[in-house]
Every structure is written in C-alpha cells, then in structure tokens.
Amino acid sequence: MEAIPYLALSSALLALLLAGYFYTNVKAASPGNDRMIFLMNEIEKGARAFLRQEYSWVSVFVAVMAILIGVLIAPVASLTYIIGAVLSATAGYAGMTVATMANARTAHAAQEGPGKALPIAFRGGAVMGFSVAGLALGGLALVYILFVLVAEVNDAFEVVTAYGLGASSIALFSRVGGGIYTKAADVGADLVGKVEAGIPEDDPRNPATIADNVGDNVGDVAGMGADLFESYAGSIIAPISLVAFALGLTAEDASASTNISLLLFPLAIAFAGMLTSILGSFLVRGGESTDSRALSRSLHLGTNVAMLLTVLATIGIAYWMFGDNADFDNPIGLAIAVVGGLLVGWALGKTAEFYTSDHFSPVKKIADQAKTGPATTILGGISAGMISVAASVALLGVGIAVAYWGGEMAFDSYYNLDGGIYGIAVAAIGMLATLGVVVSVDAYGPIADNAGGIAEMAELGPEVREVTDALDSLGNTTAAVAKGFAVGSAALTALALFKSFEFAVIEAGGSLSLDIGQVEVFIGLFLGAMLPFLFAALTIDAVGRAAQKMIEEVRRQFREIPGLREGAEGVIPDSARCVAISTSASLREMIAPGILAVAIPLILGFVSIDSLGGFLAGALVSGFCLAIFMANAGGAWDNAKKYIESGQLGGKGSEPHKAAVVGDTVGDPFKDTSGPSMNILIKVMTIVSLVFASAFVG
C-alpha cells in the first residue's frame with residue numbers, strides 16, 4: 001500500500017508519454033496547402049500571444065497569494081501553491097499548442113472524409129487530456145511523496161491542500177479571461193457577419209474570424225484544460241484533506257494502517273482511472289459516415305470502455321485496501337460510493353446531451369420557435385436550461401445519497417470521521433477518474449470547430465465543410481457532457497472541502513455553526529447565494545462590452561475598406577486589430593471577477609467564521625444550479641442554430657436562421673464564459689477558506 005503514491009506518479013508519467021506520442025502522431029499529418037498553413041500559423045500566433053500576456057498578469061496575483069500563504073500558513077505551503085499554479089498553466093499551454101497545430105491537419109484530412117479527420121481531432125484533444133491528467137496527478141503525487149512521506153513537514157496536509165489552491169487560481173483566471181476573449185470575438189463575428197452582412201460563418205472577408213478561431217483555443221482548450229486540471233486535483237485532495245483534518249493527522253500519522261488506507265484510496269482510484277483512460281484512448285476510430293450518432297459512438301467508445309474498466313478496478317482496490325482491516329465493515333461500500341459518483345457523472349453528461357443535442361426534442365423545439373423570431377428563441381433556450389437544472393439536481397441528490405450510504409456501509413465512523421461523508425468525498429474522484437479520455441473528447445470539439453473555420457477561410461469544397469460541420473456539431477455536445485462531469489464533481493468536491501474546513505477550524509481551536517437561526521449564518525447564506533449571480537453578471541457584462549467594440553470594428557472595416565464586403569480579389573481584412581481588441585478587453589475584464597472570488601471569503605473569514613460557513617453553503621447551491629442552467633441553455637441555442645444550418649426550417653440565411661443566430665450569441669457567454677466559471681468559483685472559495693482556516697481562528 002505504501003507504493004500507491006509512486007504508482008500514481010508512474011501512471012502520470014505514462015500519461016505524459018502518451019501525450020507526447022499523440023503529439024508526434026498529429027504533427028506527422030499534412031497541414032494542407034499554403035493558405036491553410038498561413039491560417040493555422042496566424043491562429044497559433046494569436047493564441048500564444050494571449051496566453052503569454054494572460055499568464056504574466058496572473059503571475060502577479062499568484063505572487064501575492066504565495067506571500068500571503070507563506071506568512072499566514074507556512075512557507076512550504078506557498079511553494080506547493082506555486083507548483084500547482086505552474087503545472088496548471090503548463091497543461092493549458094501544451095494543450096493550446098497542439099490544438100492550434102491539429103486544426104489545419106483535421107481540415108486537410110476532412111477532404112478524405114470523417115474516417116480520417118476524426119482521429120486527428122481526437123488525438124489533438126488527447127494531448128490536452130493526458131497532459132492535464134498527467135501533470136495534475138503527477139504533481140499531486142510528487143507533493144505528497146516529498147512533503148508527507150519524505151520530509152514529513154509540519155502542517156503537511158495544509159501544504160498538500162495549497163497545491164489545489166494554486167491550480168484553482170490559474171483555472172479561475174484562465175476560464176474567465178479565455179471565455180471573455182472567445183465569446184467577444186464569436187458574438188462580434190456572428191452578429192455582423194451572419195446577421196447583418198449575410199455572409200457564412202468563418203468567411204475570410206470577416207475581420208473577426210481569426211480572433212474567433214484564436215478564442216476557441218484560449219477559451220475552450222487552454223481555459224477548459226486549466227478548469228479540469230483544478231477539478232481533478234481538487235477531487236483527489238478533498239478526501240485526503242477530509243481524513244487529515246478530521247483525524248488531526250500529522251505526516252508521522254500517515255503510515256498507520258487505517259490512516260494510510262483512507263488517505264491513499266483516492267490516489268489508488270486515480271491510478272486505476274489513468275491506466276483505463278490510456279487503454280480507452282486507443283479505441284477511438286473514425287467511420288465514413290457524417291451522421292452525428294455514428295460519430296458519437298466512435299468518439300465515446302473509449303470513454304465507455306474506460307469507465308467500465310474503472311468500475312471493475314475500483315471493486316478490486318476497495319477489497320485490497322480495506323478487506324483485512326477490522327475498522328471497516330464492508331469494503332464494497334466504498335466501491336459503491338466511487339462507482340455511484342462515476343455513474344452520476346455519466347448521467348449528468350447524458351442529461352446535458354439530451355438538452356443540447358439536436359437529436360432530441362428540446363433543441364428541435366427551440367429551432368421551431370425560431371420561426372417566430374429571436375424573442376421566442378431566447379425564451380425557449382432559457383426554459384430548456386431551467387428545466388435541465390431540475391433533472392441535474394435530482395441526479396446529484398441520488399449520487400450524494402448513494403455515496404453516503406456506501407460510505408456508511410463501509411464504516412459507520414472512525415474517530416471524528418463519518419463514513420458517509422468520506423463516501424461523498426471519494427464519489428467526486430469517481431466522477432473524474434477517467435479524466436484523461438474525458439478531456440480528450442472535450443478538447444476535440446474546439447479543434448473540429450477550428451477545422452471548419454480553416455476550411456471556410458481556405459475556400460475548400462462544400463463537402464469538406466459538411467464533414468467539419470458534422471464534427472463540430474458533435475463537439476458542442478461532447479463539451480456539454482464534459483461540463484456535466486465538471487460541475488457535478490465540483491459540487492461533491494466543494495461539499496467535502498467544506499467539511500474539511502469545519503474540521504480545520506475546530507483543530508485550530510475555533511468553532512463553526514451552521515444554524516440559520518443565527519443572524520451571522522443567515523446573512524452569510526444570502527450573500528453566498530447572491531455571489532454566483534454577481535459573478536455571472538460581471539462576466540456577461542465583460543463579454544458584452546468587448547463584443548460591442550468588436551462589432552464596431554467589424555462594421556468599420558466593412559464600411560471603410562473598399563471591396564472587402566464584396567470579396568474583391570486581393571482585399572483582406574485587418575484581423576490583427578480584432579485579435580488585439582479581444583486580447584486587451586479580456587485581460588482587463590477578468591481581474592474584477594477573479595479577485596472577487598478570493599477576496600470575499602478572506603474578508604468574511606476574518607470578520608465571522610459562522611458567516612463564512614453560511615456564505616459557502618449558499619454559494620455552493622446557487623452556483624451549481626446556475627452553472628447547469630447556463631451551460632445547457634447555451635448549448636441548446638448553439639445546436640438549434642446548427643440544426644437549422646443543416647438545412648432544416650429554411651437553412652442558412654433564412655429568417656429562422658437569423659433568429660437562431662441571435663439566440664446563439666446570447667448563449668455564447670452562458671455556455672463558454674459564465675457557466676463553466678461557476679464550478680471553479682464554488683471550489684476556489686471553499687479551498688481558500690480551508691487553506692486559511694487556521695489564520696481565521698488565530
């Protein structure tokens with residue numbers, strides 16, 4: 001059992017080797033003609049420039065937080081905080097690099113059909129998937145080995161938890177900044193290009209097209225990667241910190257028989273999930289059909305096999321680690337908790353698919369409502385998003401109940417640690433155990449989207465665009481599925497971290513009350529329920545302001561550059577100006593929401609710990625519901641537009657299409673900026689509270 005951290009580290013290194021293999025595989029494919037190579041390089045140049053500037057801005061915040069942690073908690077904790085931040089940023093940058101390389105290669109392969117294009121797009125996404133999973137697990141295993149097992153530092157588990165806070169810091173700014181960038185460009189390109197000018201999506205005449213494609217990479221690849229890096233690391237850290245703070249463990253206590261089983265079980269599940277993800281990644285094959293159902297089966301085969309193998313491995317691990325220990329009643333209970341989390345994560349994804357795929361009634365209904373204009377289109381999307389919350393909350397409730405029951409079956413209590421709460425904590429790692437292949441499928445989407453843009457801008461044949469559109473439509477659904485996994489794990493992880501926060505406060509000599517009859521708790525509860533709405537408003541306003549500048553610039557170029565709108569030979573738009581607008585706006589606008597998420601829990605914690613407890617509870621509930629609503633409403637609007645573009649209800653250029661484009665532009669910041677940021681928000685606030693708990697009491 002002592003070898004588990006080393007096995008986890010080895011599996012992480014294997015994942016990074018696989019990412020390297022897929023990188024060389026993608027690089028070996030042809031990027032196409034000179035025009036395609038030029039477009040690919042322009043997109044890559046814009047994405048690199050943005051990420052370099054973003055990371056330089058965020059590094060200031062990271063430095064300030066590292067100093068605070070070093071002064072108020074422990075100097076070593078500031079080191080692990082920086083490690084978590086650096087690895088998260090590295091994963092995002094690596095994924096962005098290969099995604100911008102895979103887009104032209106996917107477009108070129110699409111000339112031979114989906115059977116050639118889909119594997120390239122998936123392998124490009126797999127570089128991101130296994131970079132995220134490998135760096136997150138490898139970094140955490142290394143931190144555990146160095147500071148808990150080898151150095152046995154003081155406050156060892158606060159030091160480990162700080163690694164998760166570092167990952168959260170990068171994730172928050174990457175999601176918000178990247179989301180503002182991509183949606184400002186997307187909204188500007190769609191409203192002026194499709195609605196006003198009546199030109200196709202990604203038309204080379206549109207000055208915002210390059211910025212839109214850059215945004216796919218900095219938001220939906222780098223931002224998403226940092227998000228899921230943080231989710232994965234947090235889901236492993238949550239049960240470890242819960243055990244450590246509940247039992248008051250030091251590094252020396254970690255080797256006791258029961259303690260080591262409880263502490264290392266999450267790492268063992270992550271190890272098994274990594275191996276099964278690696279196996280599953282080799283099962284993705286492309287067929288010759290552009291039917292989205294056939295493409296979906298090909299793409300999800302690897303995920304489904306990885307999940308099945310993880311279920312079997314989890315049962316074996318539970319019996320191996322807990323079967324011969326008298327402190328545990330029935331090891332199968334913990335396997336039930338993990339598998340329950342995995343299945344609920346899958347079910348949340350399928351729920352998202354139902355509400356966002358054009359194969360099902362909600363999206364078709366929204367498309368039909370587009371016949372009567374933008375207002376009814378928007379009302380339909382809002383309704384679909386809200387209804388999806390009910391189903392998702394019900395599923396989460398079932399998942400929590402099953403995980404609690406499984407944990408109670410395994411052990412009623414062990415000193416201060418309740419078996420049911422531990423079951424809930426390990427259910428979160430169950431949701432993300434197969435992260436490597438889940439992110440691979442998610443990151444595939446932006447690559448397919450970029451491939452379609454390059455096909456349009458390079459003026460490839462309509463049959464190529466048909467293939468890339470089919471791949472892109474599926475990508476919207478896979479993104480919604482991954483968001484279901486992410487937000488579900490966020491709720492369970494935040495719940496476990498919240499319980500760890502309670503134990504940390506008690507261990508530091510304080511107390512925490514959640515009695516809503518107390519005025520401090522009641523005020524905190526309402527403040528917490530309010531904050532996700534304020535955060536969403538700030539990010540949507542940011543997209544709106546940036547998009548307004550983009551729209552004005554695109555209109556100016558159509559108006560002032562002779563022959564641009566008409567497509568005169570030799571006349572090209574000033575794409576660099578649009579890239580600059582998105583870059584400067586997103587960097588400036590990401591600061592306020594990011595600081596808000598960290599500053600408010602710190603201020604409340606030093607004023608009243610009871611208020612902070614109520615605040616975290618309120619934010620968890622409202623943030624989860626808002627995240628589901630916004631992600632699914634946005635995905636439904638997007639695929640309603642694509643459903644019409646496929647030839648339904650009049651097709652491209654029709655009045656229903658124009659109405660659907662308006663709905664899609666409303667949904668863009670919902671699904672790609674504000675919605676995905678919610679799951680990071682609720683975890684950032686909880687983990688900040690946990691890391692600084694002893695300082696609040698002191």
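Which side chain does Asp 638 meet in a salt bridge? Before I answer, please keep in mind that this is a predicted model, in which local features need pLDDT of at least 70 and side-chain atom pairs count only at pLDDT 80 or more, while totals for chains, interfaces and linings use all residues. Residues are numbered from 1 along each chain as its sequence is written, and side-chain values use heavy atoms, with hydrogens and water left out.

The partner of Asp 638 is Lys 671, at 3.3 Å from N to O; a salt bridge here is a side-chain nitrogen of Lys or Arg within 4 Å of a carboxyl oxygen of Asp or Glu. Asp 638 lies in helix α18 (residues 609-645) and Lys 671 in helix α19 (residues 655-691), so the pair ties together parts that are 33 residues apart in sequence. Helices are DSSP runs of H or I with at least four residues, numbered from the N terminus. Both Asp 638 and Lys 671 are buried, where buried means under 20% relative accessible area, exposed means over 50% and partly exposed lies in between, with a 1.4 Å probe and protein chains only.

Arg 48 is partly exposed at 23% relative accessibility, whereas Glu 44 is buried at 19%.

Key:
Helix = DSSP H or I, 4+ residues; strand = E, 2+ residues; numbered from the N terminus.
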